[in-house]
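Please read it alongside the sequence and the coordinates.

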Amino acid sequence: MALNLHSLRFTILLILAVTVFSDVSAALGGPNLGGWKPIKNTKDPSVVEIGQFAINEHNKEAKSGLKFQEIVKGETQVVSGMNYKLVISAKDGSASHQYEAVVWDKPWEKFRSLTSFKQI
């Protein structure tokens with residue numbers, strides 16, 4: 001009985017600590033685990049690289065010829081690595097369209113994957 005009560009107290013304290021840490025981190029502008037955060041500089045070379053990767057991967061998968069133009073807007077999400085949800089302007093022949101792409105990036109593993117791509 002004492003072990004179960006001790007375990008329950010420990011679990012409650014752990015939950016409280018995680019909750020407080022998450023609230024403090026969010027208040028200080030730290031990463032909001034699981035939440036999407038706007039990308040302030042869509043012209044940052046690393047963001048542009050991820051947008052170009054999304055277009056290139058889509059072209060391989062769909063056997064299409066989209067040409068990257070620019071990142072219109074984007075958001076990041078902290079996961080095991082980083083998810084990037086980007087609105088990308090790209091040309092399809094002479095017509096320009098916008099696409100939403102989600103890319104999962106884990107640079108320390110040299111891993112990058114296009115997880116979603118659709119015209120919007």
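The side chains of Arg-112 and Glu-49 meet in a salt bridge, with 3.0 Å from N to O, where a salt bridge is a side-chain nitrogen of Lys or Arg within 4 Å of a carboxyl oxygen of Asp or Glu. This is a predicted model, in which local features need pLDDT of at least 70 and side-chain atom pairs count only at pLDDT 80 or more, whereas totals for chains, interfaces and linings use all residues. Residues are numbered from 1 along each chain as its sequence is written, and side-chain values use heavy atoms, with hydrogens and water left out.

The pair links distant parts of the chain, since Arg-112 lies in strand 5 and Glu-49 in helix 2, 63 residues apart; helices (H or I, at least four residues) and strands (E, at least two) are DSSP runs numbered from the N terminus. Arg-112 is partly exposed, with a relative accessible area of 27%, and Glu-49 is likewise partly exposed, at 42%. Here buried means under 20% relative accessible area, exposed means over 50%, and partly exposed lies in between, for a 1.4 Å probe and protein chains only. Glu-49 and Arg-112 also belong, with Asp-105, to a network of salt bridges. The count of salt bridges in the model comes to 7, and three of the pairs are set out below.

| Salt bridge | N to O distance |
|---|---|
| Arg-112 and Glu-49 | 3.0 Å |
| Lys-60 and Glu-57 | 3.0 Å |
| Lys-118 and Glu-100 | 3.8 Å |

Lys-60 and Glu-57 are 3 residues apart in helix 2, and therefore separated by about one helical turn. An α-helix has 3.6 residues a turn, so residues three or four places apart point the same way. Lys-60 is exposed, its relative accessible area being 58%.

Which residue is the bridge partner of Glu-100 in strand 5? The partner is Lys-118, and the side chains of these two residues also meet in the salt bridge with 3.8 Å from N to O. Lys-118 lies in strand 5 and Glu-100 in strand 4, so the pair ties together parts that are 18 residues apart in sequence. Glu-100 counts as buried at 19% relative accessibility, while Lys-118, at 43%, counts as partly exposed. Not counting residues up to four places away in sequence, Glu-100 touches Lys-85, Leu-86, Ser-116, Phe-117, Lys-118 and Ile-120, a contact being heavy atoms within 4.5 Å.

The hairpin of strand 4 and strand 5 has 4 residues between the strands, and in it Lys-110 takes a positive phi near 55°.

The largest nonpolar core has 17 residues, and those with the most contacts inside it are Leu-86, Ile-88, Leu-114 and Phe-117; such a core is a set of buried Ala, Val, Leu, Ile, Met, Phe, Trp, Tyr and Cys residues joined through side-chain atoms within 4.5 Å. Two or more residues of this core come from each of helix 2 (45-62), strand 3, strand 4 and strand 5, and helix 2 gives the most, with 5 residues. Beyond four places in sequence, the contacts of Leu-114 include Phe-53, Ala-54 and His-58, as well as Ala-101, Val-102 and Val-103.

Helix 2 has 18 residues and reaches 25 Å from its first C-alpha to its last, close to the 26 Å expected at 1.5 Å a residue, the expected span being 1.5 Å times one less than the number of residues. Its buried residues are Val-47, Ile-50, Gly-51, Phe-53, Ala-54, Ile-55, His-58 and Asn-59, and what covers them includes strand 2 (67-79), strand 3, strand 4 and strand 5. Lys-63, which follows helix 2, has a positive phi near 50°.

The mean pLDDT of the chain is 85, and 72% of its residues reach 70 or more, pLDDT being the predictor's confidence in each residue, from 0 to 100. Over residues 16-28 pLDDT stays under 50, and the model has 2 contacts beyond four places in sequence for this stretch. Where pLDDT is low, the predicted coordinates should not be read in detail.

Technical notes. Pairing = 2+ DSSP bridges.
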